[in-house]
Amino acid sequence: MSAAFELDFMTSKQTFDPKFESVQLIGMGICSAQISPSGELVVNFTDGHSENIGHVVGSNGVGIVSISKTKGNGAPGTSDTYTIKLSDGSAYDFAVYQGADGKGDKTFTFNQAVPEKVWTVLHSMGKYPSVSVSDSAGTVVFGEVSYTDVNSIKIVFASAFAGTAYLN
């Protein structure tokens with residue numbers, strides 16, 4: 001059994017869906033709520049009484065039994081296939097690309113030595129990279145990133161500062 005209910009803390013009024021257990025309580029609060037070993041939600045009120053809202057816990061979920069490489073040799077510039085086996089007997093394959101140079105994706109680090117509000121970064125990566133920025137103290141700073149093209153970006157900040165942009 002499940003139940004829909006509404007709690008209005010401004011008026012201390014709780015209204016439970018009449019399709020299930022029709023209860024309306026005025027002027028009381030909730031002391032605690034817990035899920036019983038059988039999966040039922042039990043709410044304890046300030047006047048000392050309790051209400052069993054009904055079964056709220058589903059059956060056990062499906063878990064991962066194993067993840068294993070089923071195809072490939074990990075060579076640079078190739079893809080390997082991995083298989084995830086689940087406790088319900090199903091299995092899913094996914095591919096992992098090994099970077100062509102054996103080191104993975106391209107990255108670029110840009111150092112802005114002079115405090116500026118707008119940073120222009122020529123990265124020559126040939127893609128639209130993800131960007132994270134930190135100031136000279138190492139604190140993460142958020143700015144508005146715009147992609148000029150696949151080889152350069154512009155980052156606009158609320159105020160000028162010096163720091164480092166990390167592109168991936």
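Visitor: What does T164 touch, not counting residues up to four places away in sequence?

Guide: In this predicted model, T164 touches T109, F110, N111, W119, S132, V133 and S134. T164 itself lies in strand 14.

Visitor: Why is T164 called buried?

Guide: The relative accessible area of T164 is 13%. Buried means under 20%, so T164 is buried.

Visitor: What makes the link between the side chains of T164 and N111 a polar contact?

Guide: The distance is 3.0 Å, and the cut-off for such a pair of N or O atoms is within 3.5 Å. The pair therefore counts as a polar contact.

Visitor: How is E40 classed, and why?

Guide: E40 has 29% relative accessibility. Buried needs under 20% and exposed needs over 50%, so E40 counts as partly exposed. E40 belongs to strand 5, residues 40–45.

Visitor: Why is the pair F110 and W119 called tilted?

Guide: By the ring-centre rule, there are five aromatic pairs. For F110 and W119, the ring centres are 6.1 Å apart, and pairing requires them to lie within 6.5 Å. The planes stand at 55 degrees; under 30 would be stacked and over 60 edge-to-face, so this pair is tilted. Both residues are buried, and together with F157 and F161 they form one aromatic cluster.

Visitor: Which residues make up the largest nonpolar core?

Guide: That core has 11 residues: F110, W119, V121, M125, V133, I153, I155, F157, F161, A165 and L167. Two elements give two or more residues to this core, namely strand 10 (108–122) and strand 14 (152–167). Strand 14 gives the most, with six residues.

Visitor: What is I153 in contact with, leaving aside its neighbours within four places in sequence?

Guide: The partners of I153 include W119, V121 and L167, as well as H123, V131 and V145. Residues I153, W119, V121 and L167 are also members of the largest nonpolar core.

Visitor: How do you know that strand 10 and strand 14 pair?

Guide: Pairing requires at least two bridges. Strand 10 and strand 14 have 11, in the antiparallel sense, and therefore they pair.

Visitor: What joins strand 11 to strand 14?

Guide: Five bridges join strand 11, residues 131–135, to strand 14, and the two run antiparallel. D135 has G163 as its bridge partner in strand 14.

Visitor: How is strand 13 joined to strand 14?

Guide: Strand 13, residues 144–149, has five bridges to strand 14, again antiparallel. V145 is bridged to I155 of strand 14. A hairpin of two residues connects strand 13 to strand 14.

Visitor: How many helices and strands are there in the chain?

Guide: The chain has zero helices and 14 strands.

Visitor: What share of the chain is buried?

Guide: Buried residues make up 25% of the 168 residues. The accessible surface comes to about 10900 Å², with 54% belonging to carbon and sulfur atoms. Of the contacts between residues at least 6 apart in sequence, 38% join residues at least 24 apart.

Technical notes: Residues numbered from 1 in each chain as written. Predicted model: local features only at pLDDT ≥ 70, side-chain atom pairs only at ≥ 80, totals over all residues. Heavy atoms only, no water. Phe/Tyr/Trp six-rings, centres within 6.5 Å; stacked < 30°, edge-to-face > 60°. Buried < 20%, exposed > 50% of the residue type's maximum accessible area, 1.4 Å probe, protein only. Core = buried A, V, L, I, M, F, W, Y, C linked by side-chain atoms within 4.5 Å. Helix = DSSP H or I, 4+ residues; strand = E, 2+ residues; numbered from the N terminus. Contact = heavy atoms within 4.5 Å. Areas by Shrake-Rupley, 256 points an atom, 1.4 Å probe, with all protein chains shown as cover. Polar contact = N/O pair within 3.5 Å; in protein donor to acceptor, adjacent residues only side chain to side chain.
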